[in-house]
Amino acid sequence: MDTAAVQARAAGENFPVASLLFPRALRPHLRAVYGYCRLVDILGDEIEGDRREALDELEREVGACYGGEPTWPVMVELQPTIAEFGLQPEPFLRLIEANRMDQAITAYGRWEDLRWYCVHSADPVGRLVLGLLRRDREPDLVEASDSVCTGLQLVNFLQDVPRDLALGRIYLPAEDRERFGVERLDRPSPELRSLLAFEGERARELLSAGAVLRERLGGRIGRGVGLFARGGLAAIAALERANWDVFTGRPRPSRARLAWEALR
């Protein structure tokens, strides 16, 4: 898949809005990193054929970025960014591993198990952004970034219950489903609304670490990074306004709401 096609898939997401608060010179590098993140998800969720083999090939392309010449357009665009900022391979490889997990794991028993998945599927994105800011070796920033990224991933799980179920995946821990008496995820119920509200509070607590990022980074960049967390909080608010109904639509904040959050 070429770079333009991957970037087009991201047109309606929060990342492009937040990136407008970053210095102009940094935005192409943000797009390169985000293009990679989208590509991994496309290979893990959507392509026809052997997805494991596609992910293996992407891992070889990552290796080529560090000691050779990648051939996929998205990776060709990413290689100069890796070199300029000294980005480590681990976050890129963890994202691939998360999608390998998706090929083998259909549900999670405990929150700790799902959190470990998020360590691979979500936290690397924030660490790459910190790498572009040359701040990825500051433990307090990394901890706050991991918290926000996991919170954002959890919000996506709440928004996408029907979509994930159609893919044969359940990202609501079994222990929590049992606690709230949720027996089915394919239709609305008071029990499911209570469960989603509970997980929403968990996500809100995780996203509160966005204040640390905003304060420590400061300025427009601090606001840009903080906007990721504020976008997640706005999505929770949209879910609450919809009374946690994720079946008649995908509750999400509008682009105008995100722009307002950026200006606050």
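This is a predicted model: local features need pLDDT of at least 70, side-chain atom pairs count only at pLDDT 80 or more; totals for chains, interfaces and linings use all residues.
## Packing of α6 and α7

Sorted by class, the contact between α6 and α7 holds six nonpolar, three charged and two polar residues.

Two packed helices are described by the angle between their axes and the distance between the axes. For α6 (residues 89-104) and α7 (residues 111-121), the axes come within 7 Å and cross at roughly 135°. Angles over 145 degrees count as roughly antiparallel, and 65 to 115 as roughly perpendicular; α6 and α7 are therefore oblique to each other.

## Helix α8

Helix α8 spans residues 123-132 and is mostly covered, with nine of its 10 residues buried. The buried residues of α8 are Asp123, Pro124, Val125, Gly126, Leu128, Val129, Leu130, Gly131 and Leu132. Just after α8, arginine 134 has a positive phi of about 60°.

## Cysteines

How many disulfides does a search of the whole structure find? The search returns zero. A disulfide is a covalent bond between the sulfur atoms of two cysteines. For cysteine 149, the closest cysteine sulfur is that of cysteine 37, at 9.4 Å, which is too far for a bond; the cut-off for a disulfide is 2.5 Å between the sulfur atoms.

Cysteine 149 is buried, with a relative accessible area of 11%. Cysteine 65 is also buried, with a relative accessible area of 8%.

How values were computed
Residues are numbered from 1 along each chain as its sequence is written. Side-chain values use heavy atoms; hydrogens and water are left out. Buried means under 20% relative accessible area, exposed over 50%, partly exposed in between (1.4 Å probe, protein chains only). Helices (H or I, at least four residues) and strands (E, at least two) are DSSP runs, numbered from the N terminus. Axes are lines fitted to C-alpha atoms, for helices over the stretch in contact, and angles run from 0 to 180 degrees between N-to-C directions. Angles under 35 degrees count as roughly parallel, over 145 as roughly antiparallel, 65 to 115 as roughly perpendicular and the rest as oblique. Ala, Val, Leu, Ile, Met, Phe, Trp, Tyr, Cys and Pro count as nonpolar, Asp, Glu, Lys and Arg as charged, and the others, Gly among them, as polar.
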